Amino acid sequence: MRVVAAMSGGVDSAVAAARMLDAGHEVVGVHLALAQSAATLRESARGCCTLEDAGDARRVADRLGIPFYVWDMAQRFREDVVEDFAAEYAAGRTPNPCLRCNEKIKFAALLDKALALGFDAVATGHYAQVEEVTDAGAPGGVRRELHRAVDPAKDQSYVLGVLDADQLARSFFPLGDTTKPQIREEARERGFSVAKKPDSHDICFIADGDTRGYLATRLGTAPGPIVDSDGEVVGEHGGAHGYTVGQRRGLGLKVPAADGQPRYVVSTDTRSNTVVVGPEELLGVDVVEGDHLRWCGPAPVGEVDLGAQIRAHGREYPARVEVHADGGSDGIPERVTVRLAERVRGVAPGQSVVLYDGTRVVGSATIASTGRA
């Protein structure tokens, strides 16, 4: 099989490429150039878009003896991920750019280009597993399922919950059966210079990790009131788009709570440019309405009991999930209601809820609204 190995320049993608080669595939390494000004994202960068990363990926490819290319997807990344990120915050939502990057770049733009060039699949260094099951209705009688990785500390199935069945059928995740320490040891044994390279973290296009500062630069500042749940003004902010539900630090409140307890952001309204704060108990929600549905296989029908995960490294909660068939074109569902077994803090529109059946990823939805039963 001809496979494009997405090589970020880190240890995970390096070992993933090596494993695909060991498995007998014809492998070509590809580094995605996502930063429009890569020279400005060098040593201080926190993501995987630097010139050094491209060099690290090339050195691994040379050691493996495989062809290596850099594909420029900076414009697509800017339009589909960076601009979407800013637009979501401007609309008062809290997006997850890693999910959007997987959906729009790594398993759409990258996979589409790979297929157009005659490749069969894409392999990445994500920690997740793919299992094949018999399904008479699937092409060839076999359906591929996405499952959690064996290493719960590194499991990345959440950010892959945006893949559809067709994309999953042409994707490989060779690291899902291995822990991260074992991957680093394997990289050392293979002689990879990236064996001890630190993991990338946070949002790759915000080099200093200051999301609020980045949004202020992109969206500007607009002073407005911070009010409590009774509508009393207790502070001022520089733009409602810079605050997220559940936030406690950096509020700069001028009026303390009557009971002396800490207060948290419970909602934001970018239209009125208002931030609402309140006590911790107001943060909990147990009903989530979602749209932008993405199914990793057959879509559930009616009401089913599944697990729901709302953050990349958060807990999975038991949930009753209702898939609404109304409003979809060709009978395809367009929205879902997730009723959580317990109240969860800090859930905000724009985040994603990923649904599980055991270790299997069923699909995902973008949170449109939240509430309490």
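Me: Which residues have the most contacts inside the largest nonpolar core?
Reply: Phe77, Leu110 and Phe205, in a core of 27 residues. A nonpolar core here is a set of buried Ala, Val, Leu, Ile, Met, Phe, Trp, Tyr and Cys residues joined through side-chain atoms within 4.5 Å. Buried means under 20% relative accessible area, exposed over 50%, and partly exposed in between (1.4 Å probe, protein chains only). Keep in mind that this is a predicted model, where local features need pLDDT of at least 70 and side-chain atom pairs count only at pLDDT 80 or more, while totals for chains, interfaces and linings use all residues. Residues are numbered from 1 along each chain as its sequence is written, and side-chain values use heavy atoms, leaving out hydrogens and water.

Me: Which elements give two or more residues to that core?
Reply: Strands E1 (2-6) and E2 (26-33), plus helices H3 (74-90), H4 and H7 (211-219). H4 gives the most, with 6 residues. Helices (H or I, at least four residues) and strands (E, at least two) are DSSP runs, numbered from the N terminus.

Me: And what does Leu110 touch?
Reply: Leaving aside residues up to four places away in sequence, Leu110 touches Val4, Ala6, Val30, Leu32, Trp71, Met73, Ile105 and Val122. Contact means heavy atoms within 4.5 Å. Apart from that core lies another, of 26 residues, including Val15 and Tyr127.

Me: Switching to H4, what's at its start?
Reply: Helix H4 covers residues 97-116, and at its start a side-chain oxygen of Asn96 reaches to within 3.0 Å of the backbone nitrogen of Cys98. Just after H4, Gly118 takes a positive phi of about 95°.

Me: Which residue does Arg100 meet in a salt bridge?
Reply: Glu103, at 2.6 Å, N to O. A salt bridge is a side-chain nitrogen of Lys or Arg within 4 Å of a carboxyl oxygen of Asp or Glu.

Me: Are Arg100 and Glu103 buried or exposed?
Reply: Arg100 is buried, and so is Glu103.

Me: How many salt bridges are there in the whole structure?
Reply: The search finds 34. One of them joins the side chains of Lys154 and Asp199 (3.3 Å, N to O). Lys154 lies in the loop between strand E6 (142-147) and helix H5 (165-168), and Asp199 in the loop between helix H6 (180-189) and H7, so the pair ties together parts that are 45 residues apart in sequence. Salt bridges with shared partners join Asp12, Lys154, Lys180, Arg184 and Asp199 into one network.

Methods:
A polar contact is a pair of N or O atoms within 3.5 Å; within protein, one must be able to donate a hydrogen and the other to accept it, and residues adjacent in sequence count only if both atoms are side-chain atoms.
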